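Good morning, and thank you for coming.

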Amino acid sequence: METLIPHRLATLGHPQRMAVFRLLMRRYPDAVPATELAHALDLKPNTLSTYVNALVQAGLITRRRQGTSLRYSVDMTAMRQTLDYLIGDCCRGRPDACSATSLHTLLGVPQMTDRKYNVLFICTGNSARSIFAESLLRAEAGDRFNAYSAGTKPRSELNPFALDVLQQKGHDTSVLEAKNVAVFQTPDAPQFDFVFTVCDQAANEDCPAWTGQPVSAHWGMPDPVKASGTDAQKALAFQQAYGALQNRIKAFTSLSLDSLDRISLQKAVDDIGRTNAGASA
């Protein structure tokens, strides 16, 4: 341990290796393809290979092959081991010296009450998937949740196929618009209890940390905007995205938020993101 931890810290001391590790932390518990990592970080394949090999050798990430693709994920056991060493050994477990991360808040019972919770769904364009999620949560449990959505690079208008689906399902589309995520990062913006990304590209982007330490998860799914073929085939892709999100929203609203501790709640929303990715409405 005396040599392993310094080796891990030295490995993370390289800016590009740290960038790879941070992206994988944002995507945890997902295993991310090497091609996606390279694209998200604008790295050449051989350069990325050098960085991930160093992280694997340090025991910080794991690698597995799926078909012809190599996928990487954070080794959370090693991460916890490293943090435990820093807090327990270097800081001697002193809460006055090492409590800046508010571990009791991160690991204990979340501050959930009978008030309405603020939930933000983020996508890149904010024209379909995040709009679906916002509308579905408002319709499913608008008495318990304030639903919002935004895009990291929002389009100027909502996708017409997405609007058709929402109107067919009886949603009020007059309250919807594409917005930049920056509007929710101002001092007077709502403080969020939950932040969910619903597309891989948005999840891979390095956004500022949210105030209040909201519970976050990645609920990625295929982009219906990229569907090709006839109008009927494109419309079907939007129906399927709507159906998958509807299943996830129903699972989310069924959670007993006031009885789950932070770790249990995090696991629950992570599990929701790994199910119902291809359901039909």
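Please look at the lining of the largest cavity, which is made up of Tyr28, Pro29, Asp30, Ala217, His218, Asp270 and Arg274. By class, three of these lining residues are nonpolar, one is polar and three are charged. The space inside the largest cavity comes to about 40 Å³, and a search of the whole structure finds one cavity of 30 Å³ or more.

The peptide bond that joins Tyr28 and Pro29 is cis, with omega at about 10 degrees. Pro29 itself sits in the loop between helix 2 (15-27) and strand 1 (32-33).

The backbone has further points of interest. Most residues other than glycine have a negative phi, and most peptide bonds are trans. Asp42 has a positive phi, near 55 degrees, and is placed in the loop between helix 3 (34-41) and helix 4 (45-57). Asn126, which is not a glycine either, has a positive phi of about 50 degrees; its place is the loop between strand 4 and helix 8. Is each of these residues buried or exposed? Asp42 has a relative accessible area of 71%, so it counts as exposed. For Asn126 the value is 0%, and Asn126 is therefore buried.

I turn now to the aromatic side chains. There are 16 aromatic pairs in the structure. In one of them, Tyr117 and Phe145 are tilted, with 5.7 Å from centre to centre and 55 degrees between the planes. This pair links distant parts of the chain, since Tyr117 belongs to strand 4 (residues 117-123) and Phe145 to strand 5 (residues 145-151), 28 residues apart. Tyr117 and Phe145 are both buried. In the pair of Phe184 and Phe192, the centres are 5.6 Å apart and the planes meet at 80 degrees; because that angle is over 60, the pair is edge-to-face. Phe184 and Phe192 are likewise both buried. Ring pairs also join Tyr117, Phe121, Phe145, Phe194, Phe196, Trp219 and Phe252 into a cluster.

Finally, a word on confidence. The mean pLDDT of the protein is 88, and 89% of the residues score at least 70. Helix 8 (residues 129-141) has the highest confidence, at 97, and helix 7 (residues 103-107) the lowest, at a mean of 45. Over residues 100-109 pLDDT stays under 50, and the model has 14 contacts beyond four places in sequence for them. Where pLDDT is low, the predicted coordinates should not be read in detail.

Terms used:
Residues numbered from 1 in each chain as written. Heavy atoms only, no water. 1 Å grid on protein atoms, 1.4 Å probe; cavity = no way out; pocket = protein on both sides within 12 Å on 5 of 7 lines; lining within 4 Å. Points joined across faces, edges and corners; volume = space filled by probe spheres on them. Nonpolar A, V, L, I, M, F, W, Y, C, P; charged D, E, K, R; others polar. Phe/Tyr/Trp six-rings, centres within 6.5 Å; stacked < 30°, edge-to-face > 60°. Helix = DSSP H or I, 4+ residues; strand = E, 2+ residues; numbered from the N terminus. Buried < 20%, exposed > 50% of the residue type's maximum accessible area, 1.4 Å probe, protein only. pLDDT = per-residue confidence, 0-100. Contact = heavy atoms within 4.5 Å.
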